[in-house]
Amino acid sequence: ASSPLNDLEGTYTLDASHTTIGFVARHAMVTKVRGSFGEFVGTATTGRNLEGAKIDVTIQVASVDTKSPDRDGHLQSADFFDVASYPTITFTSTDITASGDVLAVTGDLTIKDVTKSVTIDFEYAGAALDPFGNTRLGLEGSVVVDRKDFGLVWNAALETGGVLVSDKITLEFEISAIKNA
């Protein structure tokens, strides 16, 4: 299928100051809690027509931020991410295809000591030359995962029925990448 993504070529680096790697969880069945990871590195490399395309991202779990220091501390603890034992979350692509403005990226997501294959559909927002002469491209995508699949099993029952934290978590990515010179 023809796609503007097939024309991209080169190596791109995630621009951390303009990229958001976040997540959304249902809290107490009724509200949403949003969080993000402040520290990560990532690269994407591709030839013409996505030949040999590869994406690698490493997230520092201790950089989790949900605007609540107490909650962040709980997420870093052994109840959830166990940062002391598993300091990073990694994603390594295994297959990348383009159709129109959508980039389907399948890869191995490793959280704690569990690796699962996930497919994230990214919408291509386009490429632009920034004022500093850098070629930037934008991608936005999300995927729903079951946190229990990755050993994030802690929960608390609510008196009204239900649980404190949803099993289904939406991972959200707003990516700005700069083409390496």
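Student: Is Arg48 buried, exposed or partly exposed?
Tutor: This is a predicted model, in which local features need pLDDT of at least 70, side-chain atom pairs count only at pLDDT 80 or more, and totals for chains, interfaces and linings use all residues. Residues are numbered from 1 along each chain as its sequence is written, and side-chain values use heavy atoms, with hydrogens and water left out. Buried means under 20% relative accessible area, exposed over 50%, and partly exposed in between (1.4 Å probe, protein chains only). Because its relative accessibility is 45%, Arg48 counts as partly exposed.

Student: Which side chain meets Arg48 in a salt bridge?
Tutor: A salt bridge here is a side-chain nitrogen of Lys or Arg within 4 Å of a carboxyl oxygen of Asp or Glu. For Arg48 the N to O distance is 3.8 Å, and the partner is Asp7.

Student: How many residues apart are Asp7 and Arg48?
Tutor: Asp7 sits in the segment before S1, while Arg48 is in the loop between S4 and S5. Helices (H or I, at least four residues) and strands (E, at least two) are DSSP runs, numbered from the N terminus. The pair links distant parts of the chain, 41 residues apart.

Student: How many bridges pair S1 with S4?
Tutor: Two strands pair if DSSP finds at least two bridges between them. S1 covers residues 10-14 and S4 residues 40-46, and Tyr12 stands opposite Ala44 in S4. The sense is antiparallel, and the number of bridges is four.

Student: Which residue in the hairpin of S2 and S3 takes a positive phi?
Tutor: S2 and S3 run antiparallel and are joined by seven bridges. Their hairpin has three residues between the strands, and the positive phi, near 55°, belongs to Ala28.

Student: Is Asp130 buried or exposed?
Tutor: Asp130 forms a salt bridge with Arg136, the closest N and O atoms being 3.0 Å apart. Arg136 counts as buried at 18% relative accessibility. With a relative accessible area of 12%, Asp130 is buried.

Student: What is the relative accessible area of Arg147?
Tutor: Arg147 meets Asp167 in a salt bridge (3.8 Å, N to O). Asp167 lies in strand S11 and Arg147 in the loop between S10 and S11, so the pair ties together parts 20 residues apart in sequence. Asp167 is partly exposed at 26%, whereas Arg147 is buried, at 3%.
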